[in-house]
Amino acid sequence: MCGIIGYTGPLEAKKLLLEGLAGLEYRGYDSAGVAFFDTDSHIRLIKQVGKVASLKEAMSKIKEDSHCGIGHTRWATHGGVTVENAHPHQAGRVTLIHNGIIENYHQLTEEFCLEGKLKSQTDSEVAAWVLDSLYEGDPLEAIKNLVHRLEGTYGFCILFADRPGEIYAVRKVSPLVAAYTHSGAVIASDLTALIPYTQKYFVVPEQEIVRLTPYKVQTYNLETFEKTSPEIMTVNWNLDAAMKNGFPHFMLKEIHEQPEAMKNTILPRLNRGIPDFSDDRIPDSLFAECSQVHIVACGTAMHAGMVAKAIMEPLLRIPVTVTIASEFRYQDPLVDERTLAIIISQSGETIDTLAAMTLAERLGAKTLAIVNVKGSTIARESQYVLYTHAGPEIAVASTKAYSVQLAALYMVACRMALVRGKYTEEQAKAFFSEFLDVIPAMEEMIERKEEMKRVVTHLINSPDAFFIGRGLDYAFSLEGALKLKEISYIHAEAYAAGELKHGTIALISDQVPVIATATQDVLFSKMISNVREVKARGAFVILLTKEGAEVDENLADVHLTIPAVKDQFTVFPIAVVLQLIAYYASLGKNLDVDQPRNLAKSVTVE
Ligand code: M6R
């Protein structure tokens, strides 16, 4: 969603802000803007609807240098996509950018009599005017008084007209990371905008104010203004990881990175062939003492949870529930002290997932977060964290993050089975050695990508597509449908194949594409009957099975096979197939693969 960048130092700020905003584009946005001090120490403001490229174009006319400024990409929440609503917002001596939502902006508008002053429809501008009203020359005092009045979430970067060269920042929930580098001070809403300048950074602590000058970054306690020293962290990936490196799209690059990401996530945690989380400081007691598992996540991460349920429940013989994070809070969940809540999030910033985790903890659950972004809010606030090592995922459509989330969940399942006495050491070892076969299987499917490319010629002309499967195959189908719809805009739905006759089959008519996954031996013949049912109604069937499966020649229009890994593990090569089908469908329709319309990479508002 919205992105923030701020810089003060000897370099040309406008260039750096534009580069930072380009690095944040992947988060999703619909307008962009910058504010900077010009050579006369006046603040200049430029905002544009649309892509950062049009902002760059507008800024190319400004020839003078600048060494301090802030930039923002906005994903509209309060108010439409207009120049007025784009950030930065200027109010008297204050110019600010804001991520998050100010919930009490109505009351503040009345209390500070702002009705006639507001130029935009945003809650952010209200905050700017309130700050201006509170400002009497001391930025720290004014910011403290502002945040005492705010309800909601925020990450602010602020310029004061009488403080050239300085940037102030404060946050609640919305992330901000900052660094002092040999060439100035930088602040951003996410690491991708910082890594061109530094590997060392800190997460701006809540309840603290940051002041950036060309010579220093200093944090202050919000109440006492005492200086503080936040923990310095090191980025665990380099700039290359966030570049396309010769691939036409981040999504394709990230699909290719999956085998490596799997190895990075799994191999350091294997001890004599068995998953071991000692280095992650996750004690076995966490797995031994729970009486139920509750998995909470959104989107793709939630789909990884659905697969985990299908693996864990029969293995562990305890209830495993999967809940969409945005629903969790409102359903009075059955969570208690003996619940292990597994929270899954690539970004570690999804607001609904964070809120669900907080509630689970309040209800007494132990929380284990499976997170990709180091130092993210969910990672910091969970009791235990199991990092996946996928590196930065830039494309909005999640691919490698899904595979490594699954890998982490399979490792947890195996460890839990061992510590709960469901597996002997030999069984755990055998499970995991067979599991490792998925890595070459994924590599093979990536190699065979041309097969998936050919499949989409039929798909891209269809308004709808259906994914069907049973058991685990149904769990993967959910993700396949999400991938296809989010980047190709084809209406795609996944159904448990046995449910077809209870309604959905009415939608199957001539040439409607049906992607049928049949990789589970025990369900194979039932699944094939379902395929026959849709075929009999004219569907265009793309059938996915393991190599060696016996399939009549005329059953499917296209038959794709994956290597014959064990049934529990077919999700990994199948994920690659479904991701590539979605990728080529988007490409075939000439769409923006990496930044699909209306979507943001990390959903930081409810
Ligand atoms: O960062 P998170 O894993 O918490 O994000 C959750 C979803 O927003 C995300 O998985 C989304 O569904 C994907 N972009 C879909 O490809």
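Modeller: First, handedness: a crossing is right-handed if the near helix is turned clockwise from the far one by less than a right angle, and left-handed if anticlockwise. Helices (H or I, at least four residues) and strands (E, at least two) are DSSP runs, numbered from the N terminus. The model is predicted, so local features need pLDDT of at least 70 and side-chain atom pairs pLDDT 80 or more, while totals for chains, interfaces and linings use all residues. Residues are numbered from 1 along each chain as its sequence is written, and side-chain values use heavy atoms, without hydrogens or water.

Now the pair. Two packed helices are described by the angle and the distance between their axes. The helices here are H7 (residues 258-266) and H13 (residues 400-419). Their axes come within 9 Å and cross at roughly 30°. Axes are lines fitted to C-alpha atoms, for helices over the stretch in contact, and angles run from 0 to 180 degrees between N-to-C directions. H7 and H13 are therefore roughly parallel (under 35 degrees; over 145 is roughly antiparallel, 65 to 115 roughly perpendicular, the rest oblique). The crossing of H7 and H13 is right-handed.

Next, salt bridges. The rule asks for a side-chain nitrogen of Lys or Arg within 4 Å of a carboxyl oxygen of Asp or Glu. The count is 29. One of them joins lysine 15 to glutamate 19, with the closest N and O atoms 3.0 Å apart. Both residues lie in helix H1 (residues 13-24), four residues apart, about one turn of the helix. Lysine 15 is exposed, at 53% relative accessibility; glutamate 19 is partly exposed, at 39%. Cut-offs: buried is under 20% relative accessible area, exposed over 50%, partly exposed in between (1.4 Å probe, protein chains only).

Helix H9 (residues 299-316) holds lysine 309 and glutamate 313, also four residues apart, about one turn. Their side chains meet in a salt bridge at 3.1 Å, N to O. Lysine 309 is partly exposed at 28%, and glutamate 313 is partly exposed at 25%.

Lysine 485 and glutamate 493 form a salt bridge at 4.0 Å. Lysine 485 is partly exposed at 33%, as is glutamate 493 at 25%. Elsewhere, salt bridges with shared partners link Glu444, Arg448, Glu451 and Glu547 into one network.

On the surface, Val49, Val81 and Val83 make up a nonpolar patch with about 190 Å² of accessible area together. Patches take residues with over 30% relative accessible area and no salt bridge; like charges are joined within 9 Å, nonpolar side chains (Val, Leu, Ile, Met, Phe, Trp, Tyr) within 5 Å. Areas come from the Shrake-Rupley method with a 1.4 Å probe; for residues, only the protein chains shown count as cover. Valine 81 is partly exposed at 39%. Its loop runs between strand E4 (68-74) and strand E5 (89-91). Proline 88 lies in the loop between E4 and E5. The peptide bond from histidine 87 to proline 88 is cis, with omega near 0°.

Two non-glycine residues have positive phi: serine 41, near 65°, and glutamine 511, near 70°. Serine 41 is in the loop between E2 (31-37) and E3 (43-49), and is partly exposed at 32%. Glutamine 511 is in the loop between E24 (491-496) and E25 (513-518), and is partly exposed at 38%.
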